[in-house]
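Reader: I have a structure open and would like to talk through some of its contacts. Could we begin?

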Amino acid sequence: MAHDAALRKHLDERIAVLKRQRSSWEGGWRDLSRFVNPRRGRFFTAPNSNNGGTQKNGAIIDPTALFALRTLVAGLMSGVTSPARPWFRMTVPDKQVAQLAPVKAWFDDSAERMRMVFNASNLYSALPLIYEELGQFGTGCALLEFDREDVIRLYTLTTGEYYLGLDWRGRVDTLARRFMYTCRQIEQRWPNHGIREISEKAKGPEADTEIAIMHMIEPNPKVEKGRLDWAGKAFRSVYWREGSGQAEGEFIHRAGYSRFPVLTPRWKPIENEAYSQGPGHDSLPDVKSLQILAKREHNAVDKHVNPPMGAHISLRGSASSVLPGAINYFTTQEKGAGMWPLYQTAPGAIAEVERLVLRTRESVKSAFFADLFLMFDQMEGVQPRNQLEISTRREEKMQMLGPVLENLHDDLLQPLVQQTFDIMFEHRLLAEPPEELQGYPLDVELISILAQAQKAADLGSVERLWAMAGSIAATKPEVLDKLDADETMEVYADKLGAPSAIVVSDDQVAKMRQARAQKEQAAQAAAMATTAADGAKTLSETDVGGGRNALQAVLGL
């Protein structure tokens with residue numbers, strides 16, 4: 001257990017500031033949690049409380065937004081980070097170095113090892129939760145740490161239980177969070193925490209007693225170079241019990257990171273804003289309206305099918321029924337005695353409400369891009385479609401996700417790959433890199449389905465250019481000198497996301513062409529030698545008279 005009263009005071013004061021900065025977002029988050037998916041979002045109402053199981057679906061009558069959110073999550077998962085196919089590749093900014101055979105081979109091997117780590121870890125169960133938070137609240141958050149069993153492990157956070165801070169460039173560099181741990185969990189995770197009270201409870205019947213834990217990761221202002229512990233790291237991580245030990249500066253655990261270990265994708269980040277709006281915010285007015293319309297639709301149907309009834313005063317106190325087949329007895333012959341519906345719905349009233357509900361549902365689905373990911377299911381017209389039409393529709397719709405994919409690449413996928421790479425390299429789980437890579441930073445490229453669908457839009461221009469050049473070359477072959485066939489293949493393979501192993505590197509191509517040229521020269525020289533020998537033989541066999549042959553005559557013999 002560590003004690004540092006000054007640090008504890010600093011942490012408490014900074015969390016208070018982060019809370020104030022986040023307060024303007026909380027009202028919208030609570031509405032999103034109430035009307036879209038109540039199981040996401042955790043808003044603590046009192047110290048040592050955990051309201052994770054208290055939220056209900058009472059405000060949701062029409063679950064269209066929840067189903068649209070599921071479609072968005074499934075579309076991002078399958079289109080951006082599908083575990084069934086490669087969705088990233090590593091390279092360096094220098095294209096000439098990236099095309100060297102040893103470099104390509106090492107990157108391919110490293111990427112394959114990383115994919116094995118991803119499959120063995122909880123990454124592909126954590127990513128859908130991140131996408132769900134991203135779609136519903138506009139901001140996702142997960143902590144990526146080294147794991148002794150699976151190499152990496154992601155701890156996903158839900159909106160309301162964490163606070164974010166930015167550096168001067170607008171990048172998230174601070175995470176503060178509040179979560180609940182049992183005494184037994186604390187003892188298992190940090191066996192050397194040194195807090196006797198928790199250790200005693202962990203061994204007895206109170207082992208499952210929950211304790212509110214505070215955690216902050218922030219830049220380390222006093223990095224001590226050469227230190228191998230947390231004091232020598234660029235970011236420090238501190239855990240402590242909420243509301244206790246402030247004077248003594250009591251901490252449960254301290255750690256450090258060389259790189260900020262938190263992944264914080266934002267749907268459409270705004271300058272100097274730690275949080276972001278997303279599809280949930282865009283759809284919230286329609287989602288609220290949809291609940292009112294759905295309630296009115298149900299009421300209209302109820303009034304039409306089972307309307308309120310009026311009865312003659314003579315029936316007061318007598319048994320009566322409106323069930324099919326029931327018999328009601330009347331004690332008067334007065335005209336008008338009996339029962340009748342008080343409310344008569346217009347024939348088209350229910351249909352009009354249904355049309356309004358359908359329009360609102362489509363608006364909600366569009367806000368969550370459900371129509372994009374289900375475009376083939378919703379395509380109208382004659383089936384089957386030809387490949388050109390399908391490709392055109394796909395490329396047109398994929399352009400709508402361009403900004404989102406860029407944000408996912410910068411805030412989620414590139415840091416995920418780079419941090420995993422650093423962890424594996426630090427623990428010697430990667431092969432020794434070739435000398436050609438010395439001094440070059442790692443670059444991550446997306447080759448997922450959605451990323452390739454966007455890049456594929458450029459392939460049409462390449463194909464049309466070569467088609468036009470081919471038609472001109474029929475009369476003027478020299479026009480082909482304007483086009484670089486090798487570079488065209490590089491660009492085409494890159495846009496298609498073809499495996500780098502099937503594209504021969506530039507240095508290997510140069511060697512192959514040099515060997516081919518040498519072989520052709522040798523063959524040409526051999527052919528010339530054969531021709532000369534045949535000519536000499538012919539001359540030697542030709543009699544020119546005087547006991548001499550043609551060869552002797554040529555040589556002046």
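**Salt bridges and strands**

Author: K201 has a relative accessible area of 24% and is therefore partly exposed (buried means under 20% relative accessible area, exposed over 50%, partly exposed in between, with a 1.4 Å probe and protein chains only). This is a predicted model, in which local features need pLDDT of at least 70, side-chain atom pairs count only at pLDDT 80 or more, and totals for chains, interfaces and linings use all residues. Residues are numbered from 1 along each chain as its sequence is written, and side-chain values use heavy atoms, with hydrogens and water left out.

Reader: Which side chain meets K201 in a salt bridge?

Author: That of E197, at 3.6 Å, N to O. A salt bridge is a side-chain nitrogen of Lys or Arg within 4 Å of a carboxyl oxygen of Asp or Glu.

Reader: Where do E197 and K201 lie?

Author: They are 4 residues apart in helix α7 (residues 196-202), about one helical turn. Helices (H or I, at least four residues) and strands (E, at least two) are DSSP runs, numbered from the N terminus.

Reader: How many salt bridges are there?

Author: The structure holds 23. One of them joins R236 and E218 at 2.8 Å, N to O. R236 lies in strand β8 and E218 in strand β7, so the pair ties together parts 18 residues apart in sequence.

Reader: New topic: is strand β6 buried or exposed?

Author: Buried: 11 of the 11 residues of β6 (residues 172-182) are, so the strand is largely enclosed by the rest of the structure.
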